[in-house]
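Here is a short report on one protein model. Look over the structure first, then read on.

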Amino acid sequence: MKTLLFILAWTIGLNNFAQQQCPIIPTPLDYEVFKGELNISKGLSLNDSSMPLQSFKLLREELSTQFNIALNEVEKRPKILLKREVNASKDYYSITIDKDIEIVYSSDASCFYAVNSLLQLIEGERVKWYLKKSKVVDSPKFEWRGLHLDVSRHFFSVDEVKKFIRIMAMYKFNTFHWHLTDDQGWRIEIKKYPKLTEVGAYRDSTVDGHYSRSPRTYTVKKYGGFYTQEEIKELVAYAQSKYITIVPEIEMPGHSRAALAAYPELSCSGLENPVPGLWGVFDDIYCSKEESILFMQNVLEEVVEMFPSEYIHIGGDEAPKTRWKSCSNCQDVIDSNGLKDDHELQSYFIKRIDQFLIKKGKKLIGWDEILEGGLSPNAAVMSWRGDQGGKEAASQGHAVVMSPNTHCYFDYYQSSHPDEPLAIGGYLPLEKVYQFNPIPEGMSAIDAAFVLGGQANLWSEYMSEMSQVEYMTYPRALALIQSLWCFSKPSYTEFLNVYLLKHEDYLKKHAVNYAKSIHFPQMNIRRAEGGINLNFTGAYEASKFEVLLEQSKDNLNRTLYYPNLGSQDSIFISKAIDSKRSDLNVKVNSIPNAVEVNYNFVITDNLGANVELITPAHPKYNNNGSLNLVDGICGKTPWKGSEWLGFNTSQIVFIIDLEQKKKLRGFRIGFLEDNGSWIYLPKKIKLFKSKDKVNWEKLREADLNACDSQFGMKELRLKSKARYVKVEVSAMDLIPEGNDGAGHVPWTFIDEIELF
């Protein structure tokens, strides 16, 4: 009975809130509610010739399948009245609901958006459906509102891609970035080069589990597929019917192993290598010789005929120059064209492609690496390595699409729940996506005018089924579209309430396998005197939790049970006594959802200690700041960004405050090694002690060629006393040639630190 009353309480609260909050996502520019309702259970009337055909088809189909409401052509109330406003802004629409429904729109696309919004306004159940008397006024902020899908690592059928596009259209996305070629598969038919699909579309094996797992194993089975030119034209037409533009991506000069498996003469070595079943970045890329450039131009000759989009994406990312450095053909191109280095050679390659696309009436867009070595004047940049590439491109007068991995990589984990399906790594919860702004902080108004918008990217290494793609996309895509459509979006709490009340059910009705991650109990850790405080939050403000603590110490087990904790209640966890470790299992059960989560802690004498990060962690991997290093939760593999602090600098310094002078017998620190993700063990660690944080004395120094356990833990024995301990970690300056990420500063991932 208590559970039932609780459900009723939060439902009533949510409904009262929603009376004032617009149920449409993305939130319109203006929403005003009047007194009364318009009953539409018996049907609506509309002369289909007065509405753009695709909008009419959508309205008729959705009314019938979702609500069992008939759309009649006879003139009877309630009626849908339409007016085209030629002087309104692009994609403007308004909806006025009174005795009838009046839709004013400025374009065929905006009428389609109005219909989608109208469908989201329908309330009721079974045979009683109604619309609140209200007015909606709306238009989009950005012109590029995109989602990306990688079909190279895993292949999806025509029907699956259609569904992906259909759900995009429900929420007013208008750009589908289709990643069609990569190392692990070539997915587009090119008639001039049949071996691209005969050979390049299939691999003989696929790596099992996570890339970083050691030893690696493989599923030895032929895998692949491709889209015929007729299928591509069918999908392009389908997307156009939803007012979505498909932007194809044909990768060059890197991520080209599938093409080189088909035509090895286009590589620097000419050696035959199969299509790889392993993820990562490969040294074998297109040679920069004339034959390779002409090949790419011939491929694009057919591509531009299939895609009417303004832009063609050419990739340009993660192209190691290892082969180019030792290739006589590449060095000849450098010499004959007066180029300075390999970066300018890539720029030369891209500019040749750009010149070709210009002649075809197209514009080139590529990942932000195409800035290196100079950018062709016509090119646009998609900024993925944070927002710096976008800032640089905009300052040079280039069009920019913001897609930073800090907020827009939907292949990252969306919760720290242990049952989340395997992902590449990283941590991108719904709330962080909601914080995304395509205009980076500090960008001038002049530069901001070059930002076309933004998009999220779905790389499919760990998404073998469309159901998993949907799980990783929704509801995060709904948080993203708020930033791309709304001029002034509501608070995250307001958005979440509308999502929970309306759009979870809306997605379910449209057979979308959306993630339930926000319903998992979320543990929040805060420092407290003598330890840490734990509290738990859920999807609803009034969420309640049952918490069971099971602690093992000195061979004694202790169990504490905390029933019916609210989101404001916290549990204090004290430090271990006498510097002895103890283990703590925290079992959390949400009420009424009955979702259980287990967290494992290692309790030490420096639990919750003050740690000053002299070197700040990268914003992408900075969950909970320095407390992450002393919160008792040890980072694991496969890694999640929520458990680790990530740094991409060669020197990392932080200071631990032990609150008073203490005897020190040892020091432990955890590192992550995942070279495929450019995460490397550092080279050296130095420890210093101080009593005043001014004068420092060296404690220990050690090389870090390897860690002391499979979990990445390094332990140093000490014999000293100190109040403050300074830790200096030295990484290699650049990743050496022949390694993943060669030429870049390596990532260093650190988790739990212990002084004992």
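How many cavities of 30 Å³ or more does a search of the whole structure find? The search finds three.

## Basis

This is a predicted model: local features need pLDDT of at least 70, side-chain atom pairs count only at pLDDT 80 or more, and totals for chains, interfaces and linings use all residues. Residues are numbered from 1 along each chain as its sequence is written, and side-chain values use heavy atoms, with hydrogens and water left out.

## Largest cavity

A cavity is a set of points, on a 1 Å grid over the protein atoms alone, where a 1.4 Å probe fits but cannot get out. The largest cavity holds about 50 Å³ of space. Its lining residues (an atom within 4 Å of a point) are R257, L260, A261, S267, L271, N273 and D284. By class, that lining has three nonpolar, two polar and two charged residues.

## Second largest pocket

A pocket is an open set of points with protein on both sides within 12 Å along at least five of seven lines. The second largest pocket holds about 1,100 Å³. It is lined by 45 residues, and E318, W384, N405, Y412 and K620 are the closest to its centre. The lining divides into 18 nonpolar, 16 polar and eleven charged residues.

## Helices α4 and α15

Helix α4 spans residues 158–170 and helix α15 residues 466–473. Their axes come within 11 Å and cross at roughly 15°. That makes α4 roughly parallel to α15 (angles under 35 degrees). The crossing is right-handed.

In α4, E160, K163 and F164 meet M466, V469, E470 and T473 of α15 (heavy atoms within 4.5 Å). This contact has three nonpolar, one polar and three charged residues.

Methods. Axes fitted to C-alpha atoms, helices over the stretch in contact; angles between N-to-C directions. Helix = DSSP H or I, 4+ residues; strand = E, 2+ residues; numbered from the N terminus. Parallel < 35°, antiparallel > 145°, perpendicular 65-115°, else oblique. Left-handed = near helix turned anticlockwise from the far one by under 90°. Nonpolar A, V, L, I, M, F, W, Y, C, P; charged D, E, K, R; others polar. Points joined across faces, edges and corners; volume = space filled by probe spheres on them.
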